[in-house]
Amino acid sequence: MLKRRQVLTGAAAAAGAMLVGTNAVSATPVADTADPFPLGVASGDPLPDGVVLWTRLLREAGAMPRRVIPVGWQIAEDERFRRVARAGVALARAELAHSVHVDARGLRPGREYFYRFRAGRHLSPVGRTRTAPGRHADPERLRIAVASCQDFQNGYWPAYLGMADEDVDLVLHLGDYIYESDPNSRFPDRVHTTPATPGLGQLRTLDDYRARHALYKSDPALRAAHAAFPWVSTWDDHEVENNYADLIDEIDDTGPRRQTPEEFAVQRAAGYQAYYEHMPIRATPRPGSPALRIFRRFDFGRLARLNVLDTRQYRTDQPGGFPDDLGPEPPGAGNVDGTLTGAEQERWLADGLTGSAARWNVVAQQVMMSRTRFPNPTQVPPTIVNLDQWDGYQPQRTRLLRLLADARVANPVFLAGDIHSTWVSELKPNFDDPASPNVAVEFVGTSISSDFPVAFDAPIKQFNPILNPHVRYFDGLNRGYLRCEIGRDIWRTDVRVVDTIEVRQAPTRTAASFLVESGRSAIIPA
């Protein structure tokens, strides 16, 4: 059987032979002989009648012209574009880095489509996408790959090559799509772009962020995964800066790295705009603004509702002021006014959960929900928690978990990333009572390439049964992603890993599998 990447490559070749004819894409020529699609194509935010199609025009050598460039687009029912469903011309504008976001509507629900762009005589690669099932549909299954945390400098991305060959309907990316650190890699071909102000370990300007996003999108494995499936994406911290909270700079920043809220707002505006310019998301950007709403909701018929959160833009500062936001539990337990979501987003989430008719209610967000005590190397106190996670905002976490129980929300499942390791847990409002009922389950995916300290793996595995008895599985040694199959009665999660990120290609394997039965918030090893 041909792999999906081979099918799309063949489709691109076939499409290139069909540049003339009734269904050809047309647009005003670009005054350049170089391919303007080095960053590939992507699709995302699928609805029953539409999907966002993305590309960005870029010259690999030299600057793009400042003028508006018309870009033709097509979306078809077949990979050879003989049955074109919709077509048009979008305008790639310099103020948005000549990115193109087409919200293609009028499509049929639950269908596979193929899409492409044209600028002048240049035809883009072909992408494959899929619309969501209709509102009243009752599909037998939904298949999702869950990814996060892809530090370019730390290694290659064979996990994305494995993902591109999976049979899934959607990729869910939970943040840390780029990293802001200065150039420094043991791999000569994995070195970050140089920012305008080297030495800060930060990106500050819009050009800084644009160059970093373009570097990440230059990776062929990432481009293959984008071309193979629609994505639903949200950011975490590194798309702007490590552990920021609203307009509050990272706690560990000092000297020229430290910024006032007014200064940080300018940096955040640049990071948010560049994120929009490079991702297939349905959003309304305002260039120069530090605000961009990306929390949103997707329904997949009556099978699943997906609530996608933003736990960075509206959060209060991490409590306690500890270095790296690692500290004792009491500051998080007493953080009664703290919030990861802000009041408006919390109300939105509560309404979406309590008003849902779906069999499965999924909350996709950035940081681990489960209480997670770590052994403290200094032994004073004996345990510490990550106050950047929900452990730093315990009253809000308890409020949300109690809502699930009180409202009898059907089959809540939390998905997260951030911590560069795999965690599978059962959630309860009172973690101090192991015998108390579970109200949800959580799957935290490992990283695509970002590092987890190897020395931490064994102690965490040793102490989890004592410190975190609700954690059913942990692995800090492997990189990869989650593959989730949501059925009407059973949820299955496969932990998909690669054995190395030292090379571009490595086999993908299943390290562990878990089931959740409808009506029971319990983890069952498969």
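In this predicted model, strand E15, which covers residues 360-364, has five of its five residues buried, so the strand is largely enclosed by the rest of the structure. The side chains of E15 divide between two directions, with Trp 360, Val 362 and Ala 364 pointing one way and Asn 361 and Val 363 pointing the other, and the residues of both groups are buried.

The neighbours of E15 can be traced through its pairing. Strand E13, residues 304-308, pairs with E15 in the parallel sense over five bridges, and within this pairing Leu 306 has Val 362 of E15 as its bridge partner. E15 also pairs with strand E18, residues 412-416, again in the parallel sense, over four bridges, and here Ala 364 stands opposite Leu 415 of E18. Val 362 and Ala 364, which take part in these two pairings, belong to the group of side chains that point one way from E15 together with Trp 360.

Another part of the strand architecture is an open sheet of three strands, arranged in the order E14-E17-E16 with antiparallel pairing. Its edge strands are E14, residues 326-327, and E16, residues 374-375, each of which pairs on one side only. E16 is joined by two bridges to strand E17, residues 383-386, and the two strands run antiparallel; in this pairing, Thr 383 of E17 is the bridge partner of Pro 375.

At the surface, Val 68, Val 89 and Leu 91 form a nonpolar patch whose members together have about 230 Å² of accessible area. Val 68 lies in the loop between strand E2 (50-56) and strand E3 (69-76), and its relative accessibility is 34%, which falls between the limits of 20% for buried and 50% for exposed, so Val 68 counts as partly exposed.

These local features belong to a protein whose secondary structure comes to nine helices and 25 strands. For 526 residues, a compact globule would have a radius of gyration near 24 Å, and the value of 22 Å for the protein agrees with this, while the C-alpha trace spans about 70 × 55 × 40 Å along its principal axes. Of the 526 residues, 60% are buried, and among contacts with a separation of 6 or more, 71% are between residues 24 or more positions apart. The protein exposes about 19,900 Å², of which carbon and sulfur atoms supply 53%.

Methods: Residues are numbered from 1 along each chain as its sequence is written. This is a predicted model: local features need pLDDT of at least 70, side-chain atom pairs count only at pLDDT 80 or more; totals for chains, interfaces and linings use all residues. Side-chain values use heavy atoms; hydrogens and water are left out. Buried means under 20% relative accessible area, exposed over 50%, partly exposed in between (1.4 Å probe, protein chains only). Two strands pair if DSSP finds at least two bridges between them. Patches are made of residues with over 30% relative accessible area and no salt bridge: like charges are joined within 9 Å, nonpolar side chains (Val, Leu, Ile, Met, Phe, Trp, Tyr) within 5 Å. Accessible areas come from the Shrake-Rupley method with a 1.4 Å probe; for residues, only the protein chains shown count as cover. A salt bridge is a side-chain nitrogen of Lys or Arg within 4 Å of a carboxyl oxygen of Asp or Glu. The radius of gyration is taken over C-alpha atoms; the globule rule is 2.2 Å times the number of residues to the power 0.38. Contact means heavy atoms within 4.5 Å.
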